[in-house]
Amino acid sequence: MIPMTLFAESFDWNNLTQQAVNGLTIGSLFALIALGYTMVYGIVELINFAHGDLFMLGAFLAWTILSWFGLDKSEALKAASTFTLLAPLVLAFLVVPVFCAALNYSVDRTVYKPLRNAPKLAPLVSAIGVSFVFMGVGLFWGGPQDVNFPDVIGALERKAVGEEPPTSAADKTGSDDAKKEKPKSRNLLGPNSKVELTVKHVLILGVTIPLMIALTWFVKLTNLGKAMRATAQNPTAAKLMGINTDKVIGATFAIGGMLAGFGSIVYGLTINTISYQMGFQNGLYAFTAAVLGGIGNIPGAVLGGLVIGLVRSLGSAYVGETWTSALVFVVLIVILVFRPSGLLGARIREKV
Amino acid sequence: MNKPIWASWPLALALICALYPVFPVFDEYFFRAAGRSLGEQMPTMFIFAILALALNVVVGNVGLLHLGIAAFFGIGAYVTGILTVPAYPFEVGFPIALVAGTLFAAAIGGLIGIPTLRLRGDYLALVTLGFGEVVRYTLRNLDAITAGTRGLNPVPPPKIPGIAVDWLMDYRPFYYLAFLFLVGTYLILYRLEKSKLGRAWIAIREDELAATCMGLNVTRLKLAAFVFAAGLAGMAGCLYASRMTSTVGPDAYDFNRSIFLLCCLILGGLGSRNGVLFGVFMLYGFDNILSPILDDLIQVHNGTPRPYPVTLFGSKLVTLPANMFTFSGWRLIVFGLVLILVMRYRPEGLFPSDRVKEEVHPGGTGNGGAA
């Protein structure tokens with residue numbers, strides 16, 4: 001049943017602030033994935049169902065890289081020096097985005113490109129197919145159970161501060177819905193602050209915000225970005241102006257994949273549980289975010305991601321954890337009914 | 001319009017299906033060869049065929065992408081569960097539950113359809129997807145009503161007055177019940193496609209703007225299709241709950257189920273009833289009949305699958321997981337590749353309707369009317 005915390009006599013503002021901080025942080029992660037959806041949709045009008053599963057494969061690759069260095073065992077994680085913790089992490093941040101970008105690019109070349117002039121349903125169904133193939137690969141890669149992602153950030157933090165690691169971190173068998181796990185790391189706002197801001201919050205924001213700024217700069221100020229905007233507006237006219245639209249579309253897929261790659265490492269490092277099914281659930285949230293903001297619209301995706309993050313964290317605090325996913329979709333349906341083209345999307349007349 | 005020769009194969013297939021249980025020797029032979037009864041599997045397949053035909057009305061005939069058909073299937077199943085299980089005071093029996101489940105699912109379809117059907121294609125797809133998820137979470141969370149993940153049981157067998165048969169031990173009564181419903185659905189849809197309503201639906205699929213200009217009330221027609229499909233899906237759900245003697249659990253009605261049905265439609269041929277039946281036959285057969293049999297065979301030959309380490313120059317490179325050596329482990333990849341390859345090389349499906357064939361290969365061998 002719905003707890004009546006909202007109407008309690010003394011309203012806990014600290015809790016609200018805390019949930020808002022959590023929500024905005026996880027929301028910026030959704031926004032990062034949503035950007036991949038929205039950019040692709042803006043250019044080829046394709047709902048890239050496989051994007052969430054690309055994100056999942058990125059997380060598995062990051063996990064494999066960290067495991068190569070033995071960090072998947074908790075003793076090794078404790079014994080490792082700062083360098084042996086940092087080096088694999090840097091390697092993951094270099095390799096995973098490139099892998100995701102390359103994978104997304106090659107899927108576009110092999111699967112979607114031959115279908116450019118096919119009816120609209122064809123690439124969409126192919127994307128569902130690609131998503132299935134990715135999920136199958138993920139199932140082989142990590143097995144059907146949840147996989148523990150090494151808590152490198154926690155270990156690094158303890159190295160820096162010199163504290164004994166908390167022992168309660170062993171049990172991490174939550175479902176993929178249990179995103180709102182309480183961070184066990186130190187509060188950066190001081191030990192007495194009621195609102196908690198941890199290294200993990202800072203990590204998410206520190207990766208997502210610069211990437212979003214870089215993307216905005218890229219789309220607004222570079223030639224390729226200009227070509228992207230032109231192709232999104234009118235592919236035929238863009239072609240007539242001498243733009244190689246195939247190259248532009250490929251670049252869009254690559255950039256979207258790269259963002260998903262960054263997002264996947266950050267997700268693994270902060271949530272610490274990955275599974276082959278996480279792509280579907282998170283992809284759905286991210287896609288919802290993209291639609292919510294107005295699909296095809298880059299600031300819209302960011303806004304949508306933040307809104308979804310807020311709805312999730314506030315919903316789980318004030319309505320109940322089990323209802324959050326349903327709540328996200330109810331919000332989506334309501335917004336689409338009253339603003340069919342999303343929060344920031346322009347009204348589009350159906351092309352005849 | 002002269003039909004191509006294979007157009008009579010649904011009739012042949014229907015005859016085979018109707019006669020299969022009459023000669024128990026077939027099922028016994030199958031049981032000896034494969035270690036399981038084909039007849040036990042068939043009723044569920046007929047139910048999924050009804051569900052696929054329902055989805056085909058929205059996706060194939062009207063051309064709206066519907067990703068939440070499993071939700072209506074689930075609503076039908078749960079209404080049946082609530083009306084028939086002993087835990088509730090209703091216990092109304094099969095016929096009333098069937099009507100109630102159908103009507104309730106249709107009503108929910110109307111409620112969700114009225115505000116959302118004016119959305120553009122992709123947005124509508126997302127709303128139906130989201131609705132499906134909302135229904136699944138609601139079924140899971142309303143533990144007091146739906147028994148959460150356990151599902152409501154036992155749903156009693158569909159006692160029909162005047163017929164005394166053993167519904168539980170013998171598969172044949174339900175086989176024929178489901179088969180009759182499937183044939184009935186098929187015939188209704190066959191007539192519907194030829195009717196004014198059916199032709200209007202196809203007009204919308206071909207060109208919505210032109211249909212509007214011809215004076216068709218597109219929103220109302222879309223709503224009609226949506227509600228009709230929801231009702232049919234609810235009916236299928238009711239049959240499913242009776243067949244399973246339980247509402248199974250919310251996860252039986254998730255997005256994967258909707259996508260599975262969409263795959264059947266696409267593989268067989270969107271908008272073609274025979275193609276859809278064929279698609280269900282292939283994919284359901286692959287999933288529930290072929291792949292367990294092959295798994296057993298692999299197990300007999302190779303023993304229980306276990307992880308297999310791959311070494312390169314003496315050092316362990318990767319460990320191939322055990323599920324890689326089962327047939328069912330490849331299910332997702334096979335499904336995905338089927339979707340991709342069909343879209344690439346035969347977007348009209350394996351058994352397209354004449355009209356769709358004409359659209360994809362204009363001026364080809366198809367003898368349907370000019371588009």
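The following legends describe close-up views of a predicted two-chain model.

Local features are reported only at pLDDT of at least 70 and side-chain atom pairs only at pLDDT 80 or more, whereas totals for chains, interfaces and linings use all residues. Residues are numbered from 1 along each chain as its sequence is written, and chains are lettered from A, and ligands numbered from 1, in the order in which they are written.

**View 1. Overall dimensions and composition of chain B.** The secondary structure of chain B comprises 15 helices and two strands; helices (H or I, at least four residues) and strands (E, at least two) are DSSP runs numbered from the N terminus. Along the principal axes, the C-alpha atoms of chain B fill a box of roughly 70 × 60 × 45 Å. Of the 371 residues, 44% count as buried. A residue is buried if 20 or more other C-beta atoms lie within 10 Å of its own, exposed if 12 or fewer, and partly exposed in between, with C-beta atoms placed from the backbone. Among contacts in chain B between residues at least 6 apart in sequence, 73% join residues at least 24 apart; two residues are in contact if their C-beta atoms, placed from the backbone, lie within 7 Å.

View 2. B:M235 belongs to helix α11 (residues 218–244) of chain B and is buried because 28 other C-beta atoms lie within 10 Å. Apart from neighbours within four places in sequence, B:M235 contacts B:I50, B:G76, B:L98, B:G101 and B:T102. Between B:M235 and B:I47 the C-alpha to C-alpha distance is 9.2 Å, although they are 188 residues apart in sequence. In the largest nonpolar core, which has 216 residues, B:I50, B:L51 and B:A229 touch the most other members. Helix α3 (residues 38–62) of chain B supplies the largest share of this core, 16 residues. Such a core is a set of buried Ala, Val, Leu, Ile, Met, Phe, Trp, Tyr and Cys residues joined through C-beta atoms within 7 Å.

**View 3. The side of chain B that touches chain A.** The contact takes 34 residues from chain B and 34 residues from chain A. Helices α5 (94–116), α6 (121–141), α12 (255–268) and α14 (331–345) of chain B each supply at least two residues of the chain B side. The largest share, twelve residues, comes from α6(B). This side divides into 23 nonpolar, seven polar and four charged residues; Ala, Val, Leu, Ile, Met, Phe, Trp, Tyr, Cys and Pro count as nonpolar, Asp, Glu, Lys and Arg as charged, and the others, Gly among them, as polar.

**View 4. Packing of α7(A) against α10(A).** Helix α7(A) and helix α10 (residues 245–271) of chain A pack at an angle of about 175 degrees, with their axes 10 Å apart. Axes are lines fitted to C-alpha atoms, for helices over the stretch in contact, and angles run from 0 to 180 degrees between N-to-C directions. The two helices are therefore roughly antiparallel, a term for angles over 145 degrees. A:K200, A:L203, A:I204, A:V207 and A:L211 of α7(A) meet A:L259, A:F262, A:V266, A:L269 and A:T270 of α10(A). The residues of this contact divide into eight nonpolar, one polar and one charged. A:T216 also lies in helix α7 (residues 199–221) of chain A and is partly exposed, with 14 other C-beta atoms within 10 Å.

View 5. A cis peptide bond, with omega of about -5 degrees, joins B:N153 and B:P154; B:P154 is placed in the loop between α7 (143–146) and α8 (172–194) of chain B. A:N272, although not a glycine, has a positive phi of about 70 degrees and lies in the loop between α10 and β2 (273–274) of chain A. A:N272 counts as buried, with 21 C-beta neighbours inside 10 Å.

Conventions:
Parallel < 35°, antiparallel > 145°, perpendicular 65-115°, else oblique.
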